[in-house]
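Here is a short report on selected local features. Please read it alongside the sequence and the structure.

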Amino acid sequence: MLTLLKSLRAAAATAALAGGLALAAPAAAADPLVDVNWIKGNAGADGVVVVDLRGKTDYLRGHIPGAVHTNYGKDGWRVAKDGIIGLFPEDVSKLEALIGGLGIGNDSHVVLVPPGASSSDMGMGTRVYWTFKVLGHDAVSILNGGMTAYLAEADKDGKPVNPLEQGAAQPSAASFTASLRQDMLIDAEDVKAMMDAGVALVDNRTHDQFLGVNRHPKATASGTIPGAVNLPQNWLTENGGGTFRDADTLRKLYAFAGVPVDAAQVSFCNTGHWASIGWFVTSEILGNGEAKMYDGSMVDWTARDMPMASEANL
């Protein structure tokens, strides 16, 4: 359901590849979630790059040994265009340079470590995870529970027992080449076509925003996309914390919310942060390969004066 423009871009990219543009083969797929024991056994291993997504100060005070650091909000993982924030960068070369500068190559297994204090924290991991998938890199995982889980193991005095390293790691630059999955990038026109076709639309925002009681400061209208159902992202982790619920519990929650687990659907929120949590759970934990994410979400949708539905009618 991609727009004609996207189809033309995709065709052009295919032609360029056929013309001899060589892309490095991505590493094999990895489990979407790893736990603390896995990290303790594999951090520092050849080919494994642990990426700390916390604030720089917390990282410098103590991180998983060998972990590199990136700033989720400032390093270029998401960009603004025409007043719309949080978008996937059009210039993929900048992402390639960012990723290579972290010591990540096409054969690296990337393990993302969000703060983990809340479900929204985990969105740092899921959004960067989604970005790697868009770039064609499948060897990526998230530490379930984030750094909070790693630090939770403590002695009788409350001191963390898992090893920590201070200061900043100095990774050797690597070469990372994207193999863009254009079909993962959808815009408002694509979502409108899906809406008209009856594809499930999943609003991962808070219930008050779904109803139209409140809205994001950069959204120009209140409410949701017509026909959408609400599955707040904080339902998807245990008590809204940093640990994802197990698949059986998630299926029950999806059924309760009226969200299919095995049909085409689009997750959205305000800027594609919370929606990445919904996409990650649907696609990667529940295994629904038909799930997509609309990164422009309600900020983009409302800026384009697309159809809206609001139960609050304030």
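D187 caps the N-terminal end of α7, with a side-chain oxygen 3.1 Å from the backbone nitrogen of E189. This is a polar contact (a pair of N or O atoms within 3.5 Å, one able to donate a hydrogen and the other to accept it; residues adjacent in sequence count only if both atoms are side-chain atoms). The model is predicted: local features need pLDDT of at least 70, side-chain atom pairs count only at pLDDT 80 or more, and totals for chains, interfaces and linings use all residues. Residues are numbered from 1 along each chain as its sequence is written, and side-chain values use heavy atoms, without hydrogens and water.

Helix α7 spans residues 188-197, and its buried residues are A188, D190, V191, M194 and M195. They fall within an arc of 160 degrees seen down the axis of α7, so they line one face of the helix. The arc is taken from the directions from the helix axis to the C-beta atoms. On the face turned away sit the exposed residues E189, D196 and A197. Buried means under 20% relative accessible area, exposed over 50% (1.4 Å probe, protein chains only). Just after α7, G198 has a positive phi of about 85 degrees.

The open sheet has five strands in the order β1-β7-β6-β2-β3, with parallel pairing. Its edge strands, β1 and β3, each pair on one side only. Pairing requires at least two DSSP bridges. Strands β6 and β7 pair over three bridges, and V110 has V140 as its bridge partner in β7.

| β1 | 33-34 |
| β3 | 68-69 |

Helices (H or I, at least four residues) and strands (E, at least two) are DSSP runs, numbered from the N terminus.
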